[in-house]
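This briefing covers one protein structure, with its sequence and coordinates shown below. The points are grouped by topic for reference alongside the model.

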Amino acid sequence: MPVVRRTVSTRTAPGPVFAYLADFANATEWDSGTVSCHRVSGDGGPGTVYRNVSRFMGRTVSLDYTVEVRDEPTFVVVGRSATTVGRDTIVVRPTDGGGSQVDYVADFAFSGVIRWITPLLVPALERLGNETARTLAESLDRLGDAAPA
């Protein structure tokens, strides 16, 4: 089961960072692979479902993500499709100077034919993790820049 882990620092305070990331529809702004993401049910808390469409290795993939945990500082969503289960765990912590550190862990499990080629997917998942860490940091810094002074 491949796991992608990244830590991102931002000058933006933890409260706005958590609120932004816990509204998973914002993944279109910070997750480099996400093409679209919208809430299909719920109020944003546990049990809320988001439909996420992403591009990965030239293919379009649709997963329905269900919020499992939304208890600051931790946000967990689990995405499912016919061949993939992805569990994203995000933890937002304060840093000295008023900023935040975001620990992001994405666990993947594949079934069907894809399960046999999982080792071949690891380099692409790592590249996706690197790109997402970059876009996440940029989005969070912009969020802080847009906050009222």
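Two strands are said to pair if DSSP finds at least two bridges between them. In this predicted model, strands S1 and S7 are joined by eight bridges and run antiparallel.

**Strand S1 and its partner**

- Within the antiparallel pair of S1 and S7, Val3 is placed opposite Asp107 of S7.
- In a regular strand, side chains alternate between the two faces of the sheet.

**Nonpolar core**

- In soluble globular proteins, nonpolar side chains tend to be buried together.
- The largest nonpolar core here contains 30 residues, and those with the most contacts inside it are Leu21, Phe24, Trp30, Phe75, Ile90 and Val102.
- At least two residues of this core come from each of strand S1 (3–10), helix H1 (14–22), helix H2 (27–30), S4, strand S5 (74–80), S6, S7 and H3.
- Helix H3 supplies the largest share of this core, with six residues.
- Beyond its neighbours within four places in sequence, Ile90 is in contact with Leu21, Trp30, Pro73, Thr74, Phe75, Val102, Asp103 and Tyr104.

**Largest pocket**

- The volume of the largest pocket is about 660 Å³.
- Its lining comprises 30 residues, and Phe56, Val61, Thr84, Phe110 and Leu125 lie nearest the centre.
- Two or more lining residues are given by each of strand S3 (49–56), strand S4 (59–71), strand S6 (84–94), strand S7 (100–110) and helix H3 (118–146).
- By residue class, the lining of this pocket consists of 16 nonpolar, ten polar and four charged residues.

**Asn52 and Val85**

- Asn52 belongs to strand S3, and Val85 belongs to strand S6.
- Asn52 has a relative accessible area of 1% and therefore counts as buried, the limit being under 20%.
- Val85 is partly exposed because its relative accessibility is 33%, which falls between the 20% and 50% limits.
- Asn52 and Gly79 are 27 residues apart in sequence and 8.3 Å apart, C-alpha to C-alpha.
- Leaving out residues up to four places away in sequence, Asn52 touches Phe24, Ala27, Thr34, Ser36, Cys37, Val61, Ser62, Leu63 and Tyr65.
- With residues up to four places away again left out, Val85 touches Val78, Gly79, Arg80, Asp107, Phe108 and Ala109.

**Backbone features**

- Most residues other than glycine have a negative phi, and most peptide bonds are trans.
- The peptide bond between Glu72 and Pro73 is cis, with omega of about 20°.
- Pro73 is located in the loop between S4 and S5, and Pro73 is also among the residues in contact with Ile90.
- Met57, although not a glycine, has a positive phi of about 55°.
- Met57 lies in the loop between S3 and S4.
- Met57 counts as exposed because its relative accessibility is 52%, and exposed means over 50%.

Conventions
Residues numbered from 1 in each chain as written. Predicted model: local features only at pLDDT ≥ 70, side-chain atom pairs only at ≥ 80, totals over all residues. Heavy atoms only, no water. 1 Å grid on protein atoms, 1.4 Å probe; cavity = no way out; pocket = protein on both sides within 12 Å on 5 of 7 lines; lining within 4 Å. Points joined across faces, edges and corners; volume = space filled by probe spheres on them. Helix = DSSP H or I, 4+ residues; strand = E, 2+ residues; numbered from the N terminus. Nonpolar A, V, L, I, M, F, W, Y, C, P; charged D, E, K, R; others polar. Core = buried A, V, L, I, M, F, W, Y, C linked by side-chain atoms within 4.5 Å. Buried < 20%, exposed > 50% of the residue type's maximum accessible area, 1.4 Å probe, protein only. Contact = heavy atoms within 4.5 Å.
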